[in-house]
Amino acid sequence: MAVVSVRLNEKEEEVLNYLTEYFHEEKSSLLKKSMFDLYEDIQDIKFVDKYLDKKGFNKKNFVSDDDLLD
């Protein structure tokens, strides 16, 4: 099992402490869940990209998130 040391600034520590209290989870468990959520997001993006390529959709026709927020 690997041991990883993480340095947090005051704001990051405040957020982590809030999440710890809110979810009643250990800090390490929250960090692990966050890591897997990010990994899952990447896998979802890859799946959608593969699907769009398979179906022949031109990704350039889609609106970017930046364009949506303007």
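At 53% relative accessibility, Tyr 18 counts as exposed (over 50%; buried is under 20%, partly exposed lies in between; 1.4 Å probe, protein chains only). This is a predicted model, where local features need pLDDT of at least 70 and side-chain atom pairs need 80 or more, while totals for chains, interfaces and linings use all residues. Residues are numbered from 1 along each chain as its sequence is written, and side-chain values use heavy atoms, without hydrogens or water.

How many aromatic pairs does the structure hold? There are 2 (ring centres of Phe, Tyr or the six-membered ring of Trp within 6.5 Å; planes under 30 degrees apart are stacked, over 60 edge-to-face, the rest tilted). Here they are side by side:

| Pair | Centre to centre | Angle between planes | Type |
|---|---|---|---|
| Tyr 18 and Tyr 22 | 5.9 Å | 25 degrees | stacked |
| Tyr 22 and Phe 23 | 5.0 Å | 80 degrees | edge-to-face |

Why is the pair of Tyr 22 and Phe 23 edge-to-face? The planes of Tyr 22 and Phe 23 stand at 80 degrees, so the pair gets that label. Ring pairs join Tyr 18, Tyr 22 and Phe 23 into a cluster.

Now for the overall picture. The protein has 3 helices and 0 strands (DSSP runs numbered from the N terminus: H or I, at least four residues; E, at least two). Read from the N terminus, its elements follow the order α-α-α. Along the principal axes, the C-alpha atoms fill a box of roughly 45 × 35 × 20 Å. The radius of gyration is 18 Å, whereas a compact globule of 70 residues would come near 11 Å (C-alpha atoms; 2.2 Å times the number of residues to the power 0.38).

The exposed surface comes to about 7,100 Å², and carbon and sulfur atoms supply 56% of it (Shrake-Rupley method, 1.4 Å probe).
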